[in-house]
Amino acid sequence: MEWRPHAAARWQTAPLPGRRRGGTVALALLAWAALGGPAAAASLSARDVQVMGRALAFLQPPPASGELAVIYADGNAASKQDAEAIAAELGDGLHVGSAVLRPRLVASTAVAMEGFAVAIAATGANGPPLRAAIDAKRALCVTADLAAVEAGSCTMAIRSEPRVEIVVNHAAAVASGVEFVAAFRMMIREI
Amino acid sequence: MQNTRAVQAAALRLLLWLLCGAAAATTTPAGAQSVDYGALEQLFGEPVTTGVTGKPQRATDAPANIEIITQDDIRRSGATTIPDVLQFVAGVDVRREGLGSTDVGIRGYNQASNPHLMVLVNGRQVYMVDYGRIVWDALPVQLDEIRQIEVIKGPNSALYGFNAVGGVINIITYDPLHDNVNVATVRGGTQDYLDGSVVGTGHIGDSAGVRLSAGGFRADDFAPGPLTGDDRYARQSPYSGNFNGDMRWQITPSVEAFADASYGHNRLADQEPPGVFGTEQFVTSSIRAGVNADTRFGVVSLSAYRSDARVGIDNVNDGVPIDVGEYQSSYVVQGSDLVKLGADHTLRFGLEYRADADDSGDLAGGRISNSIYAASLMWDWQVTPAVTVTNAIRVDDMKLHYAGTLLPGTGLTTADYNRVSLVEPSTNSGIVWKATEADTFRLTIARGVQLPTLLQYGLQIPPGFYAPPAFVGNPDLHPSIVWNEELDYDRSLAAIRSTLRTAVFLQRTDDVIAWPFGAPFSFAPSGLPVFFSANVGYSTAAGAEIGIKGHNSAGFHWNASYSFVSTTDHTVLNQTPPPTSIVEYGNSTPRNVVIGGIGYARDKWELDVQARWQSSYLDFRMNPQRTYLLPIEIDNYLTATARVGYRVTDRVTLGLTAQQFNQSQLLETAGPPVERRIIGSVSVRM
């Protein structure tokens with residue numbers, strides 16, 4: 001789970017006061033988890049997922065009901081655990097307007113065989129192979145990992161706290177044929 | 001007249017041509033292109049506005065000092081009018097001159113029939129073209145149908161053109177295509193007040209929506225108090241009735257059409273620019289149509305509207321009733337293209353044609369009108385993730401027209417009016433720096449242009465009508481130029497779930513325009529004693545605001561603010577006390593204003609209290625003999641409003657509001673004292 005603090009730090013525009021204390025708290029939480037605490041949190045929180053559902057409504061055309069791929073890195077236990085946690089957050093499905101996207105775990109090596117229009121990349125799943133597979137699918141890739149979006153291996157990064165931030169890699173969106181409503185594009189950060 | 005009609009016909013043809021062009025340029029597939037305020041607000045967790053640059057933005061990202069009042073704020077305020085809500089916004093001045101008459105200003109320069117403020121309802125400018133004033137109770141909008149009221153402080157002429165120099169108030173209603181609002185409200189209370197409104201939304205399939213609203217009130221006005229003689233007799237009890245219909249139609253996934261129409265009949269007792277009191281009747285109507293299209297060239301928007309107002313002004317002079325009539329009209333055609341280029345640049349190109357006319361034999365001796373062509377460009381550049389720079393420029397080209405019979409003996413001719421032509425640029429620039437997740441700095445610089453109003457140009461009041469001298473407009477007037485520099489700092493205080501907002505600003509108004517009623521006295525070449533409108537000098541203002549607003553999960557919300565503004569006039573008027581002209585902004589602006597409020601909601605109950613204290617200022621009214629202006633010192637005052645709401649069922653809410661519960665009568669202007677009001681309400685939402 002080391003990537004999560006790293007990804008969060010990338011969202012910052014400047015250091016926040018009190019981060020050292022935050023780091024201490026994070027270490028304590030990690031120790032607690034190692035000693036048998038609750039299951040690890042998903043890289044996308046419930047609130048992130050809610051924001052994602054609302055953001056997808058600005059796709060043009062909006063997505064139709066179908067499957068939502070939650071992609072994990074094949075052979076990476078942490079990645080699969082994160083994907084399972086994300087799928088649990090999604091429950092019966094992600095509501096986007098009147099459409100419902102039902103989550104389905106997909107191994108990164110099996111992406112080409114699945115049918116979906118939207119995918120969430122779990123921790124460790126982002127990378128050039130996934131990018132190529134997503135482009136071939138003409139699908140939208142969503143992640144909590146801003147670095148992955150900056151690198152162009154995923155299209156949209158979402159963060160809901162402390163302030164909703166949505167970042168879209170313009171070139172990646174073009175490559176995978178993903179379009180958003182103009183008003184939405186003007187309110188997010190494109191890179 | 002024929003020229004004006006020809007221009008209007010040409011503008012209509014241009015609109016039709018552009019509409020066809022826009023439809024042809026549309027790409028498919030595409031998506032909804034109008035701003036779905038509700039969906040975007042839900043997504044980003046804060047109000048969204050297009051009111052600052054024309055581009056949809058989160059309120060915290062906008063390059064201007066903007067306050068957004070939500071429907072929840074409106075409902076819980078217990079307000080019966082929009083100014084009731086605005087009086088508790090930092091930096092906003094509200095003058096209540098009667099139960100149905102209010103003038104609103106931003107950061108000073110607020111007087112009777114204030115022409116310094118731009119007000120729009122869903123983008124339609126709703127000011128009266130005679131004095132450039134806002135008749136708030138005649139606006140065809142019900143409180144229940146308002147999604148949000150955007151208060152933009154400082155000049156914003158580069159987007160809106162002439163007159164948006166003090167600030168802009170943008171009223172956004174619910175969208176009939178995306179929002180479903182069905183509510184009926186009845187209110188009643190002291191002053192024999194009775195008010196009702198109905199708002200209903202209907203959908204035709206998934207692609208079209210209609211919202212209809214109607215509402216009105218009747219009441220006994222406040223007691224005339226210090227008003228004497230003619231002013232007292234001229235005031236009649238107010239009533240108001242307004243209807244509005246609003247339709248949106250998603251023609252294709254990428255093209256949306258809209259149309260709206262309104263009608264209103266209102267009688268309101270008010271204070272007029274000469275400092276006299278009377279009653280005015282307004283029969284207003286408007287019609288508008290437009291289209292938005294998401295094209296390969298950006299979001300193309302085209303619209304055209306027409307607004308009309310038949311105004312009857314009733315005064316009494318020496319016991320004799322004086323009835324004055326006006327017919328005001330505006331035709332506006334607007335086109336814009338909003339396009340995002342690459343990842344970092346957003347541009348907005350705009351074209352506008354506007355024609356305003358005031359046809360009044362009584363006030364202008366005929367018809368005075370103008371035609372304005374304008375072009376504008378806005379460029380928004382995301383320089384870094386933390387820094388955004390916005391620049392906007394607009395150039396207006398105005399020509400004045402007059403047809404009628406000028407007052408003899410003034411030395412003015414029709415040709416003097418018909419050769420008036422001016423070109424003026426307006427600019428707005430802003431830098432927004434999000435220094436940290438919690439800290440935002442905003443630096444803005446603006447050049448706003450205040451066009452003389454039609455009657456400041458063309459008034460023709462003969463001697464003995466209001467007073468012994470004549471009051472005459474002046475075609476040689478220059479527009480006022482308003483320079484504004486402002487630095488804002490906002491900080492999110494997450495620990496107490498609040499936001500701190502601060503602002504300091506400097507403003508300078510060159511070529512201050514004096515009404516004929518406040519201008520220097522002179523004799524025309526013929527020997528006629530006359531007050532001509534004039535440019536009388538300049539005025540400066542410096543001010544600061546600090547405020548905090550927040551809420552917590554226990555159901556509390558709170559707000560507190562302090563505003564300071566110091567205005568200094570450098571004009572040829574009022575050189576020695578007492579002042580004899582209403583152009584006395586330095587003393588007629590309250591320097592200090594403190595606003596505080598707290599609210600609590602739990603289960604079915606809501607309790608809210610708002611209070612405003614402001615320091616003393618100077619107001620004016622004519623003396624009973626109509627021979628000179630009487631300065632009236634308005635003492636500092638505190639006014640407080642409280643509301644209790646109880647949700648009987650999910651659909652029915654009862655409310656009880658006590659406006660100005662702390663005092664039974666309060667002198668807020670030189671007019672009638674404002675009275676305590678107790679108002680009960682029942683709202684049914686479906």
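Q: How many helices and strands does the secondary structure of chain A come to?
A: This is a predicted model. In chain A, both helices and strands are present. The tally is eight helices and eight strands.

Q: Among contacts in chain A between residues at least 6 apart in sequence, what percentage join residues at least 24 apart?
A: Take the contacts in chain A whose residues are at least 6 apart in sequence. Then keep those that join residues at least 24 apart. That share is 61%.

Q: How many residues of chain A are in contact with chain B, and which elements of chain A give two or more of them?
A: On the chain B side, 31 residues take part. They are in contact with 23 residues of chain A. By class, that side of chain A has 14 nonpolar, four polar and five charged residues. The elements giving two or more residues are α3 (46–56), α8 (182–185) and β8 (189–190) of chain A.

Q: Which strands are the edges of the open four-strand sheet in chain B?
A: The sheet runs in the order β23-β24-β29-β28 (chain B), with mixed pairing. An edge strand here pairs on one side only. The edges are β23 (460–461) and β28 (521–523) of chain B.

Definitions and conventions: Residues numbered from 1 in each chain as written. Chains lettered and ligands numbered in written order. Predicted model: local features only at pLDDT ≥ 70, side-chain atom pairs only at ≥ 80, totals over all residues. Contact = placed C-beta atoms within 7 Å. Nonpolar A, V, L, I, M, F, W, Y, C, P; charged D, E, K, R; others polar. Pairing = 2+ DSSP bridges.
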